[in-house]
Amino acid sequence: MLFRLSPDNELLPTLTYSPGLSRIIDLPCHPRTINPSFPYNKKLQSALQGKKLLLEETTFSLEEIQTHYRNGYCTYQPAIIKNHKQIMCVRCGNDQLKLFASFYCARCRRKCTYCRNCVMMGRLSECTPLLSWTGPDAPIPAVCRLDWQGTLSSGQQHASEKIVTAVEQSMEMLVWAVCGAGKTELLFKGIERALQLKKRVCIATPRTDVVLELAPRLQQVFPDINVIALYGGSEDKLTYSPLLISTTHQLYRYEKAFDLVILDEMDAFPYSVDKTLQYAVRKARKQNSSMVYLTATPNKSWQRKCQDNKIDYVTIPARFHQHPLPVPHFVWCGNWEKKLRREKLPFTLLTWLKERLITDRQVLLFLPKIAYLQKVMSILKKLDSNIESVYAADPMRLEKVKRMRNKEIKLLITTTILERGVTFPNIDVAVLGAEDAVFTASALIQIAGRAGRSVKNPFGDVAFFHYGKTKSMVEAKQQITNSNKEAAKKGMLLPCMGGDK
Ligand SMILES: [Zn+2]
Ligand SMILES: [Zn+2]
């Protein structure tokens with residue numbers, strides 16, 4: 001889109017080039033004063049409120065948007081900000097020179113710089129305006145009843161109450177809950193309170209799988225509102241809802257939208273390493289808002305923040321079924337990569353696997369690299385034909401996970417892709433090459449956390465086969481043992497499990 005300025009500094013947009021037009025980055029952008037009697041379009045309000053969008057991301061005509069702009073209900077802003085030698089993308093916060101590029105632009109007819117970091121969401125260049133809503137907020141439905149009759153464990157209950165307080169007082173807090181603590185249920189009351197207070201809520205997570213799993217559960221317990229799931233391929237992008245479940249990527253499009261942001265799995269890739277995703281989450285919050293971080297494995301710097309009381313936090317050291325977490329044991333297995341080159345697996349691992357293949361237990365076997373999947377599978381297929389492998393880009397991934405859940409697969413060989421988010425009721429877990437750098441302490445804790453998750457089968461064996469113990473392995477085991485001790489001390493375990501005597 002290109003612009004001309006009217007005599008009273010009003011931006012006049014056009015979609016076709018003619019000489020004398022300017023790029024948005026070169027023009028002063030003043031919001032117009034609101035005309036209270038203007039009959040604004042509620043659909044446009046729903047689509048734009050709390051967001052910054054490209055014109056092509058909306059379904060409205062330029063004429064309609066321009067009328068709203070004239071009456072003070074929306075505004076145009078440059079997407080790229082340049083001054084002296086600095087440059088920044090307004091949508092993703094990228095300010096690294098190397099993540100910008102230039103091209104000869106057909107629209108503004110000269111060299112135009114664009115952001116490479118968020119280009120997958122539509123290209124933002126110097127002549128691209130971002131649209132945002134400057135009119136009143138859409139009202140939150142009067143009735144947002146929580147329809148849930150379950151009960152919370154004492155740990156969940158405590159965290160749930162703390163979250164309600166954080167919502168009421170617009171505070172930040174961290175919930176450090178072990179794998180299998182039941183973190184979805186402990187959010188319900190806080191979300192209900194926020195909606196009662198007419199606050200808009202977003203649950204953000206780095207992983208699409210989590211969005212797909214959470215959205216139907218929340219829709220079920222909040223039947224009066226339309227819960228929206230946002231991820232790469234979702235179709236709900238323009239609908240307004242007081243409760244959104246979104247990947248952190250999708251929050252690039254939001255600004256000052258939410259009164260409560262709940263960030264699940266903040267230690268998961270890519271959020272944990274991508275500063276622009278962290279910027280997106282910050283940007284999506286309203287100035288005076290609450291933030292709840294949710295994790296089973298906070299990194300060192302967050303652990304320190306907790307210890308130094310720099311953030312309010314609550315721990316849930318026990319699982320909802322009140323059995324302790326399975327503690328991993330380490331098994332030295334020699335130079336397994338060398339063995340693998342000779343089409344062999346370490347004897348210790350083979351013995352461990354054979355013991356399980358003759359029972360009705362299923363097994364998850366984690367490998368550090370995709371390259372090994374095929375080889376390990378062909379060796380193991382000789383023991384049992386009911387074996388599959390799965391990796392991130394595997395087109396059959398969802399189907400294989402489903403078959404594993406249905407117990408149609410005996411042994412599933414996987415990369416770290418299944419370290420989180422999957423629950424199989426009755427499994428043992430092994431890692432081959434636990435010394436590899438991909439297995440960070442938090443990855444190993446998550447992997448161990450796959451075992452013993454159901455009430456019926458709260459136990460499971462977790463074995464780390466390695467060629468040299470690493471710090472991460474020791475730290476993972478230490479953290480799991482500590483959680484069990486804390487749970488026992490707080491009386492959160494069943495009496496026979498070392499809890500209350
Ligand atoms: Zn351009
Ligand atoms: Zn960008």
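Before you click: residues count from 1 along each chain as its sequence is written, and chains are lettered from A and ligands numbered from 1 in the order in which they are written. Because the model is predicted, local features need pLDDT of at least 70 and side-chain atom pairs count only at pLDDT 80 or more, while totals for chains, interfaces and linings use all residues.

**Stop 1: residues 154-168 and 188-196**

Select helix 3 (residues 154-168) and helix 4 (residues 188-196), whose axes are 8 Å apart at an angle of about 25 degrees. Helices here are DSSP runs of H or I with at least four residues, strands are E runs of at least two, and both are numbered from the N terminus. Axes are lines fitted to C-alpha atoms, for helices over the stretch in contact, with angles from 0 to 180 degrees between N-to-C directions. That angle makes helix 3 roughly parallel to helix 4; the label covers angles under 35 degrees, with over 145 roughly antiparallel, 65 to 115 roughly perpendicular and the rest oblique.

The crossing is right-handed, meaning that the near helix is turned clockwise from the far one by less than a right angle. Now show Ser160, Ile163, Val164, Val167 and Glu168 on helix 3, and Lys189, Gly190, Arg193 and Ala194 on helix 4: they make the contact (C-beta atoms, placed from the backbone, within 7 Å).

**Stop 2: residues 164-316**

Next, select 164-316, the range UniProt lists in an unreviewed entry for "domain: Helicase ATP-binding"; such annotations may be inferred rather than shown by experiment. This stretch is 30% helix and 27% strand, and its end C-alpha atoms are 16 Å apart.

Look for the open sheet of seven strands, in the order 11-12-10-13-14-9-15 with parallel pairing. Two strands pair if DSSP finds at least two bridges between them. Strand 11 (228-230) and strand 15 (312-316) are the edges, and the twist averages 20 degrees from one strand to the next.

Zoom in on strand 10 (residues 201-205) and strand 13 (residues 258-264), which run parallel and are joined by four bridges. Val201 sits opposite Leu260 there.

**Stop 3**

**Stop 3: residues 441-448 and 471-489**

Finish with helix 12 (residues 441-448) and helix 13 (residues 471-489), packed at about 50 degrees with axes 8 Å apart. They are therefore oblique to each other, and their crossing is right-handed. Show Ala441, Leu444, Ile445 and Ala448 against Ser472, Met473, Glu475, Ala476, Gln479 and Ile480 for the contact.

Conventions:
Two residues are in contact if their C-beta atoms, placed from the backbone, lie within 7 Å.
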